[in-house]
Amino acid sequence: MVNLTINRKKVQVKEGTSILEAAATAGIRIPTLCYLKEINEIGACRVCVVEIKGKDTLVAACNTMVEEGMEVFTNSAKAIHARRTNVEFILSRHNTNCTSCVRSGNCSLQTLANDLNIGHLPYRRHYEKKPWNRQFPLIRNAGKCIKCMRCVQICEKVQTLNIWDIVSTGRRTSVDVSEGRRIEDSSCAVCGQCVTHCPVGALHERDDVEPFMNAVYDPDKIVVVQIAPAVRAAWGEGLGLPRNMATEKRMVAAVRALGVDYVFDTNFTADLTIMEEGTELIERLNHREDYQWPMYTSCCPGWVRFLKSQYPEQIPNLSTAKSPQQMFGAVTKSYYAKLLDVDPNRIYCVSIMPCLAKKHECAIPVMNDAGAGPDVDLSLTTRELDRVLKSQSIVPELLAEEEFDMPLGVGSGAGVIFGATGGVMEAALRTAYFVLEGHNPDPDAFAMVRGMDGIKETELTIAGIRVRAAVAHGLGNARRLIEKIKAGEAEYDFVEIMACPGGCAGGGGQPILDGVELADVRGKNLYALDRKNTLRFSHENPSVQAAYDQYFEKPLSHVAHKLLHTDHNAWKMPGEE
């Protein structure tokens, strides 16, 4: 143990502890801006500088380790002056038009400047201006970048794609797309983890709120909204709603108050996905010699982009099943249009997703199988949902709870857990067990695939068939798992991969609480909703059963293949041959 003094307070911590962490154990807050534990501890912003007795120069608390007998002052005149000066320098090179920034009110730099009582800037202002493709789902505003390096480190250390890098030197040093590429020509997975870890508004999703409301105002359009499982676990965070108030039924009421025609649950097509993907897995197991192994899930577009750019030879391993988002669009413009007896071209399908990559996915040219334009016309993030509710002066806490519309508003607990890492695997195993054994398992029989471990493995036997399964979340973990498979160090039959750490619950489109990871909390919320649901199995969803009886016939039928499956080779990633 190491003994030291911080602000005249005796502190004892383990050797190898940073001053920042040591101060926190004593209830002493040292402000930070660029710091992310175990990811970005480089002291780039110099906001956490502190004074050490006997040393002339200040040090960064985030990467300076404690020493025996050290005496630290976090708020001495020298430390405070340097901290203010450093923040003033950052602000002088930052576009401070805060009122028109998506992060206004939720910006670490804005909060820090207020906390330090910075009322004016003594330095000449100058910030970068660089062109950007505003149609790409991920937007970078160079004028707001503070060179904190978080995006660089997250993409390199967690997602292993190295999309961002330092460019130029000296006073011209900046962050940009690596290797001199344009973002649209890069292998970006559009996972959005750089967005959720950016402390300011330099990175954000393409804002599609205006085209959404334009569709709502158009009397000729029938606006159908689908809401993804993980959104219900997070939508209230950006509105300041406590979790007991931010229920899924109040979420339905809030979305309906926007003036849309129908509010449905993507859980419906999560269940439909299990029927198609699970049947596909059984078909592959029965004809093992005809396929590459393992079979990968295909419901995460960020993961699909990753595989296509990094391991294109493994594209045949992907399930051909569309994601729940895309299945829903195809269903609404075919089956549901028939139920309504309307021209499918009048239906405008909007998804609310915890994800940036969904914006890319609904724009894939071949995702138009219902023949009425794109199957999904527009995708909004959870953050955009919160913004549009505010812009329309909708106050959810004043609304009574409402139900999803029928029949596409019915979803099972198995569909709900799609939003958590391991949820797709668990939902698939529940139904695979029923199909092979002829009766339902205990709904929690496959809980071994839950949790936040980066890679989870299990092996089980169902009806005499051995099933080797693995789950990975975060693209760095996905890469490690694939390399094990390629090296012959592991063999699996079924693999679930989600691009974002924690799965969709930790998606790049979720509300941002800087420095706090909430995927685990949100995931547990989804499992709680699963336990409360009277339906725990996808195959028992009565609306899914009716859809097969009335339209799709059976899983993997001709019409199901046309509308609910896709060819992953029919579109290309940059550099893909």
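## Cavities, pockets and cores

By class, the lining of the largest cavity consists of 16 nonpolar, 6 polar and 1 charged residues. In this scheme Ala, Val, Leu, Ile, Met, Phe, Trp, Tyr, Cys and Pro count as nonpolar, Asp, Glu, Lys and Arg as charged, and the others, Gly among them, as polar.

The model is predicted: local features need pLDDT of at least 70, side-chain atom pairs count only at pLDDT 80 or more, and totals for chains, interfaces and linings use all residues. Residues are numbered from 1 along each chain as its sequence is written, and side-chain values use heavy atoms, with hydrogens and water left out.

Rolling a probe the size of a water molecule over the atoms shows where empty space is left. On a 1 Å grid over the protein atoms alone, a cavity is a set of points where a 1.4 Å probe fits but cannot get out, while a pocket is an open set with protein on both sides within 12 Å along at least five of seven lines; lining residues have an atom within 4 Å of a point. Grid points are joined across faces, edges and corners, and a volume is the space filled by probe spheres set on the points.

A search of the whole structure finds 5 cavities of 30 Å³ or more. Of the 23 residues lining the largest cavity, Cys 299, Pro 354, Lys 358, Met 498 and Cys 504 are the closest to its centre. Helices (DSSP H or I, at least four residues) and strands (E, at least two) are numbered from the N terminus. The helices α9 (301–310), α10 (324–340) and α11 (357–362) each supply at least two residues of the lining of the largest cavity.

| Space | Volume |
|---|---|
| Largest cavity | About 270 Å³ |
| Largest pocket | About 840 Å³ |
| Second largest pocket | About 470 Å³ |

The lining of the largest pocket divides into 18 nonpolar, 9 polar and 7 charged residues. Helix α3 gives the most to this lining, with 4 residues. In the second largest pocket, the lining has 8 nonpolar, 5 polar and 8 charged residues, and α12 provides the largest share, 4 residues.

A nonpolar core is a set of buried Ala, Val, Leu, Ile, Met, Phe, Trp, Tyr and Cys residues joined through side-chain atoms within 4.5 Å; buried means under 20% relative accessible area (1.4 Å probe, protein chains only). The largest such core has 126 residues, and Trp 164, Phe 212, Trp 235 and Trp 303 have the most contacts inside it. Helix α14 (residues 423–437) gives the most to this core, with 6 residues.

Key
Buried < 20%, exposed > 50% of the residue type's maximum accessible area, 1.4 Å probe, protein only.
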